[in-house]
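User: Please go through some of the labels given to this structure, setting each value against its definition.

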Amino acid sequence: MTGAIKRQFSLNNLILLLSTVQLGWLLWYFYTGSGGPQQLVAHLIPITIVLQILFMTREGYLYPFLPARVNDLIVALYIAIAAYAFWHFFWEFEEIAIYRQGSYTQQDFICGLLMFLLVMELSRLAHPALFWINIVLIAYTLWGYLSPIDFFWHPGTSFYRIVTSSTVEMSTGIYGIYGQIGLTVIAAFLLLAAAARGFGAQSAMINVMRKLAGRSRQAVPQTAVLGSLAVGTISGSGSANAVVVGSITIPLMKRYGVPGAFAAAVETAASMGGLIMPPMMGIGAFLMSQFLGVPYWDVVARGFALAAVYYISLALAVYLLCVRLLPRDEIVPPPVVTYDQIKTGIFFLSVLFLIFLMGYFGTGELLAALYTAAFMFALLLIAFLYFKYVLKDPEVAKESLIENVKLSIETHGDMTSYLTLLLATLGIMIGLFTVTGFINRMGASLLDLGAWNIMAMVAMAYIFGWLVGAGLPPTATYIIGAVIIVQPLVNLGVNPWVAHFFVFLISVWGELSPPTSLTAAVSARIAEASFMKTMWIALKICLPITLMTFAIFTRSNMVVTTGWEQIVDTLLVLIGTCALCFAMFGRFSPNAAADAGLRIVLALIAGFVLFHPNDTWALMASPLCAVLTIAGIARHQSATPPAALEAEVSESRGDLSALMMEAKREL
């Protein structure tokens, strides 16, 4: 009897139970909108916190240096705090949100304090960089009046104000706008990723992309580009892309002679596109729609232009480098089973269905994501039942419907709870920035710089964002940039779309900033290569594409509007970035002097196309730029002598499951 009870209430069963409760609650909200996002967050934040505690515990003890019994007691204490917060906010939500704003009871403060301390401790375990930044901000908020520098001086505030602004005030902090976005729009789109993972659609897509990459050894790295593009439509994360796609493509590239560091760098660069690729585009895109007050589809429609430039330019850069690196022989592409082809087709059909709902019918984000997830799940379920019980396909015989559904539910619970904790931590950070007035002072300084020279202001904003991105994840970088950089740019006449996409792209490139590129770390770990070498090669591959960050100021129709004007400016930026890719990595001629001269000329023309303020002149120069680039690509194979490999060829296939687990632990 005791054993049965223990099995019934095991950690896995508790995770599944709470994930199911959270999913059911969210599905009801997505369909009805009952109560509004603020009430939803007040009720669900404690459940997501408990889920994240349980997921972290399943990976290992929270405090390995303490005995197991002590760890269990601490976990029970944390769950008790979350349960108390759930009970208090469930019964007192209306009083707190409406009638007691500014005059909270002692119980309100105690409940807020406990949740504040719990989120801070969990952020220390999961996001140590953000935790220490918040610690510094708390000290600064309390004792800012001690600063000897006028720019940082402020009169200080009380610890009571810090706690209430981070919790029960609900405008910022744990229960603020960022947590609301996490549990509404982001959680809705995560339904797609959960359904795809539950039925193995992600791995199926990668297998299909391996087939599409072709028969040339030099085209093998394109598997990483195509696979990351496909998975990026639902992942919205560089590091997640690296785990899912890299665990398959990196060993594949090494098997065909690609050096480990280069294979990891290609996967890093390709995975970064998960932060740009619609319809997911990372958390920053959802936040952007809230900052701009526009439907999420408006952001997605502009994101397609960025993604097209990114992946086409990246594919060209990878091809040019592979011609120099790999021999010119053919390989036999691996076969793809029919079931994988069907799942891949269902996945892309679902993405088109989502785009159709949002773009043509104007369906709201929550309902569009809900209907699309139901559409994808139903088709995957039908395919599973047909292949398993009608065709009796041996590839499906080992799968279980119950296990697939459980995996989908747990995947959604894991991703939603993780991102909610991250956004709650960022909510505390932005709340502290607001209380101290730092945002206003930094914005005034940027305005003063912009009044002198707007180019200097853009450069300073980029450096500031790059430095922030060197230590923080893309979501945090975007939020800080959006609240500090955007408004000064807008005040100087920059279109809000341009300002926000400028900050958005800075946050994306921040993921490649040394020394904290998580995507590069995951890829390097899978490839068993040097982290620093992987990161620097990835930076080199992406360098021509990063100029898109500044090109949107001169080719602003790429992000300001949709339609033919957007298409024209997107083509101009694409021509410019592709030309720069060839100027950096291509070869016009075996003669070194002639080749260098031609590539310099091409780079200058590309810069003209990208940055000349007159659209007509840029449009006139673009055909010459495109013709030179295409001619160079045609000659690149013959102009490049076969180069020796930079590292020994790895013949070992490796244990993919072990690599996946190691990469997941690194993530």
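User: Why is Asp108 called buried?

Analyst: Buried means a relative accessible area under 20%, exposed over 50% and partly exposed in between, with a 1.4 Å probe and protein chains only; Asp108 has a relative accessible area of 0%, so Asp108 counts as buried. The model is a predicted one, in which local features need pLDDT of at least 70 and side-chain atom pairs count only at pLDDT 80 or more, while totals for chains, interfaces and linings use all residues. Residues are numbered from 1 along each chain as its sequence is written, and side-chain values use heavy atoms, with hydrogens and water left out.

User: What makes the pairing of Asp108 with Arg100 a salt bridge?

Analyst: The term requires a side-chain nitrogen of Lys or Arg within 4 Å of a carboxyl oxygen of Asp or Glu, and the closest N and O atoms of Asp108 and Arg100 are 2.8 Å apart. Arg100 also meets Glu92 in a salt bridge, at 3.2 Å from N to O, and shared partners join Glu92, Arg100 and Asp108 into one network.

User: Which labels do Glu92 and Arg100 receive for accessibility?

Analyst: Glu92 has 26% relative accessibility and therefore counts as partly exposed, whereas Arg100, at 14%, counts as buried.

User: How do you know that Thr425 is buried?

Analyst: Thr425 has 0% relative accessibility and therefore counts as buried. Leaving aside neighbours within four places in sequence, Thr425 is in contact (heavy atoms within 4.5 Å) with Val119, Ser123, Leu130 and Asn134.
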